[in-house]
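Biologist: I should like to learn how to read a structure of this kind, one feature at a time. Please begin with the general idea and then turn to the case before us.

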Amino acid sequence: MKNISFRNDVLPLKDVLYRLALRITLSHEEAQDIVQDTLIKVWNKRDDWQSLDNIEAYSMTICRNLALDALKKKGNNNESLEQEQIDTPDRTSNPHELMIQKDRIEMVRRLVNQLPEKQRSCMQLRDFEGKAYKDIAQILGITEEQVKVNIFRARQTIKQQFSKADNYGL
């Protein structure tokens, strides 16, 4: 059994935890608070670390639960991520192309934000964080099959909505 260190094993997770909390709450301030609370909870359970299979999955599960709790308390009256500054790589000097590229990224972000929470979380962990299905299942407390179904549905929804909006300019 590996010796788990807060500095080497838990603290480096703070960016991943932040992105997960942000994807659920859609609030930067809320996500920062959740990461702090998560780190405190993980630290307070340090006596149990050696019995854990995966400190990262454990930390992410706590983070997700805190984010969902915050969402319930707040009544989901959050602003959406699309109001944040969008960084796009400058692949063209054509202002029209840049505008189209920025609009498409904004549209995808808006579509992801509109997904049901479980689909959004699965997609965040798989497509943006690169987590394995097994780890996602452990973090979210669902089966690997449910993870795959949620990701498939999320991708299908985004693809259909994006295609519809892109074709009809909605």
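Modeller: Helices (H or I, at least four residues) and strands (E, at least two) are DSSP runs, numbered from the N terminus. Just after H2, Leu26 has a positive phi of about 60 degrees. This is a predicted model, in which local features need pLDDT of at least 70 and side-chain atom pairs count only at pLDDT 80 or more, while totals for chains, interfaces and linings use all residues. Residues are numbered from 1 along each chain as its sequence is written, and side-chain values use heavy atoms, with hydrogens and water left out.

Biologist: How many helices and strands does the protein have?

Modeller: The protein has 8 helices and 0 strands. Along the sequence, the pattern reads α-α-α-α-α-α-α-α.

Biologist: How many Å should the residues of helix H3 span?

Modeller: The expected span is 1.5 Å times one less than the number of residues. Helix H3 (residues 28-44) has 17 residues and should therefore span 24 Å, in agreement with the 24 Å between its end C-alpha atoms. For helix H8 (residues 144-168), with 25 residues, the reach from first to last C-alpha is 36 Å, close to the 36 Å expected.

Biologist: Which residues of H3 are buried?

Modeller: Buried means under 20% relative accessible area, exposed over 50%, and partly exposed in between (1.4 Å probe, protein chains only). In H3, the buried residues are Ala31, Ile34, Val35, Thr38, Leu39 and Val42. They cover an arc of only 135 degrees around the axis (taken from the directions from the helix axis to the C-beta atoms), which puts them on the same side of H3. Glu29 and Asn44, on the other side of H3, are exposed.

Biologist: What covers the buried residues of H3?

Modeller: Contact means heavy atoms within 4.5 Å. The cover of H3 includes helix H1 (6-10), helix H2 (14-25) and helix H4 (55-74). The buried residues of H2, among them Val16, Leu17 and Leu20, pack against H3, H4, H5 and H6. In H8, Val147, Asn150, Ile151, Ala154, Ile158 and Ala165 are buried, and their cover includes helix H5 (95-114), helix H6 (117-128) and H7.

Biologist: At what angle do H4 and H7 pack?

Modeller: Two packed helices are described by the angle between their axes and the distance between the axes. Axes are lines fitted to C-alpha atoms, for helices over the stretch in contact, and angles run from 0 to 180 degrees between N-to-C directions. H4 and helix H7 (residues 133-140) pack at about 45 degrees, with their axes 8 Å apart. The contact is made by Ala57, Met60, Thr61 and Arg64 of H4 and Gln138, Ile139 and Leu140 of H7.
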